[in-house]
Amino acid sequence: MRKGNLLTFLILLGLVALLVLVPQLIGVRVVERIATALAISLVLVVGLQTFTGNSGILSFAHIGFMGIGAYVSAVLTIPVQMRGMALPDLYGVVKTLEVSPYLGMLIGGLAAALVAAVVSYPLMRLSDAPAVITSFALLVVLYTILNHWSAVTNGPRTLFGLPNATGLPLAGGVAAIVIMVALVFKESRIGMLLRASRDDERAAAALGASIPVLRWRAFILSALIAGVGGALWGHFVTSFSPKAFYLKETFVILGMLVIGGMNTVTGAVVGTFAVTLAFEGLRAFETSLNASGMFSEQVVGITEIVLALAMIGMMFLRPGGMFASTEIGPLLARRFTRTKS
Amino acid sequence: MQTLIQFTIDVLSLGGAYALMALGLVIVYGILKLVNFAYGELIMVTGYGLFLVNGSGLPWIVMAAIAVCIAIATGIATDYVAFRPVRSKSVTAVLITSFAFSTILQNAALLFISPRPRNVPLPDFFSQTVEFAGVIVPARNLITIVASILLLVVFAWAMKKTVLGIAMRAAATQFRMARMLGVPANLIISSAFAISGFFAGVVALLWIGRIGSVTPGIGMEPLLVAFIATVIGGMRSLQGAVLGGFLLAFVNTGLNYTLPQQLLEFRDAFTFTLVILILLWRPDGLIRGPATGQRT
């Protein structure tokens, strides 16, 4: 790793450490829950960055892989005596197999990666708009399957009974690992070739980069992280329905990545922090509006509208996001050396 | 024989609607090479337009015209809000702005109208059935077939013969060259969005005619249909969009007829598998159009 990148990693790690430590000092339950959710979002957004940031192709399917991770882990970890109630039609062996939540998260991630490896290979030949459209279609298909495969997912109804295994330290730890993986991947041979293909597809191909294979590998890594993130989330909320893995969630994750800057890991991290904090503020505002009874009906959707406006505004002013092309480490290092000379 | 006629009518009516949806998406993509994610919301807006003018006492056809005009206006607004400011920047930027614009419209509908379905006024003949060659078919299916064929013919003629159509085709082939020869870029693009809005509006009337009510999420399925149809048919070609629409309708209807009940819920998954197979065979879709990446 180059010097600047080490600095990047240390700064981002410091942010995650703050995220884990501050709520524990404050000791308020709500703050801790928000911080945990933020750490899980970090996993998801940085996971999306490993594919979208390096390949330059927007992927809408990410949340679908998050769903796979969450459901696979759920099916394997819901206590056996409860499972008969939650999922009565489950198939043979799985019915009695129970693993620890940590193993479940790992298997969830691997399952998502496996599905991604099988499904995505032909899609990686596409570029630009068709690539985005098919990833969008893939999201819809994954959602359709989650929503209708009643034997495994309990259909559109809520699946309950997951052991509560995700605490703030675990979520923060996974987020730190994922950030490291993303930084290393970005500087690896695959990552660099992929970024070359992002900047100029023809030139990279002419230099011998096999673009579909590169994209495919990044996509699998990204799906693996999404699966782990989904399982973490599942063990955090302990009950969920397929609705959680659809457009609304996709939009939030995408908003975080885009506002922060999708080409850099720093951007992904900073964007997640910024959007989560803004979101919590807006949600509190929405709740107080509803509680005050000012309007006859429930007020919904303000948070999404504000996020959408922020995304449009960011695209107008700085289409690359807050950190468009350089990570925080080299950025600081450059400024430091410049002032010295 | 009866099943065959029934099947043909089903495919043609669904395919006509699908083809119009796909065409509305491709007319913008063809010129700008940019995908309009807010396209489904044009259909939603038409539905709410119908809902809002409901009870005004106007004849239905006038209400429908007003609703289509709202869709056209929203289409042009999409250009101004989501496309024009970022047109020269990256493909991703426009994808995001149009996705964000679609979210704004949807949530505005949630916020200002209601998350619950709202009934829209429909003329009586939409719910009637007619007997055709020994098969009973809903009248709206025949209306869809007639309307879509009529629109496709008029559109094909307009693209070939009118000044605007020729200019649009020129812009879709070589945008920069077309501009140098005096084709006004912004006018062409706004016209493309207006036509896109018009197609969405007409499709919305036919689509909502099947359902009878409108919800904030109603544009989702038409958007997906348009996406898949255009990817199959070829993103850059207008003929490809029409072909993709009919092909998708054929596959969907075929699956409806042949799949057992418990697998029918997964129909989208089967359709998508087919899309992957087609893309493996032809990554550019069935019909290749002109290839340029210019939009400034």
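**Figure 1. Contact between chain A and chain B in the predicted model.** In this predicted model, 32 residues of chain A are in contact with 37 residues of chain B. H7(A) gives the most, with 13 residues. By residue class, the side of chain A that touches chain B divides into 25 nonpolar, four polar and three charged residues.

**Figure 2. The largest nonpolar core.** This core has 209 residues. Those with the most contacts inside it come from both chains: A:Val43, A:Ala137 and A:Ile179, together with B:Tyr18, B:Ala22 and B:Val203. Helix H1 (residues 2–32) of chain B supplies the largest share of this core, 18 residues. In soluble globular proteins, nonpolar side chains tend to be buried together.

**Figure 3. Surroundings of B:Tyr18.** Leaving aside residues up to four places away in sequence, B:Tyr18 touches B:Val225, B:Ala229, B:Gly245, B:Phe246, B:Leu248 and B:Ala249. B:Tyr18 is also among the residues with the most contacts inside the largest nonpolar core.

**Figure 4. Helix H2 of chain B.** Helix H2 of chain B covers residues 39–53 and has 15 residues. From its first C-alpha to its last, H2(B) reaches 22 Å, close to the 21 Å expected at 1.5 Å a residue. H2(B) is mostly covered, with 14 of its 15 residues buried. B:Gly55 follows H2(B) and has a positive phi, near 85°.

**Figure 5. Hairpin of strands S2 and S3 in chain B.** Strand S2 (residues 129–132) and strand S3 (residues 135–138) of chain B run antiparallel and are joined by four bridges. One of the pairings is between B:Glu131 and its bridge partner in S3(B), B:Ile136. Two residues lie between S2(B) and S3(B) in the hairpin. In the turn, B:Ala133 has a positive phi of about 55°.

**Figure 6. A:Val115 in helix H6 of chain A.** Helix H6 of chain A covers residues 101–120 and includes A:Val115. A:Val115 is buried because 22 other C-beta atoms lie within 10 Å, where the cut-off for a buried residue is 20 or more. A:Ile68 is 47 residues from A:Val115 along the chain, and the C-alpha atoms of the two are separated by 8.7 Å.

**Figure 7. Chain A as a whole.** The secondary structure of chain A comes to 16 helices and two strands. Its C-alpha trace spans about 70 × 50 × 35 Å along the principal axes. The radius of gyration of chain A is 20 Å, which agrees with the value near 20 Å for a compact globule with 341 residues. Of the 341 residues in chain A, 51% are buried. Among contacts in chain A with a separation of 6 or more, 82% are between residues 24 or more positions apart.

Methods: Residues are numbered from 1 along each chain as its sequence is written. Chains are lettered from A and ligands numbered from 1 in the order in which they are written. This is a predicted model: local features need pLDDT of at least 70, side-chain atom pairs count only at pLDDT 80 or more; totals for chains, interfaces and linings use all residues. Two strands pair if DSSP finds at least two bridges between them. A nonpolar core is a set of buried Ala, Val, Leu, Ile, Met, Phe, Trp, Tyr and Cys residues joined through C-beta atoms within 7 Å. A residue is buried if 20 or more other C-beta atoms lie within 10 Å of its own, exposed if 12 or fewer, and partly exposed in between; C-beta atoms are placed from the backbone. Two residues are in contact if their C-beta atoms, placed from the backbone, lie within 7 Å. Ala, Val, Leu, Ile, Met, Phe, Trp, Tyr, Cys and Pro count as nonpolar, Asp, Glu, Lys and Arg as charged, and the others, Gly among them, as polar. The radius of gyration is taken over C-alpha atoms; the globule rule is 2.2 Å times the number of residues to the power 0.38. The expected span of a helix is 1.5 Å times one less than its number of residues.
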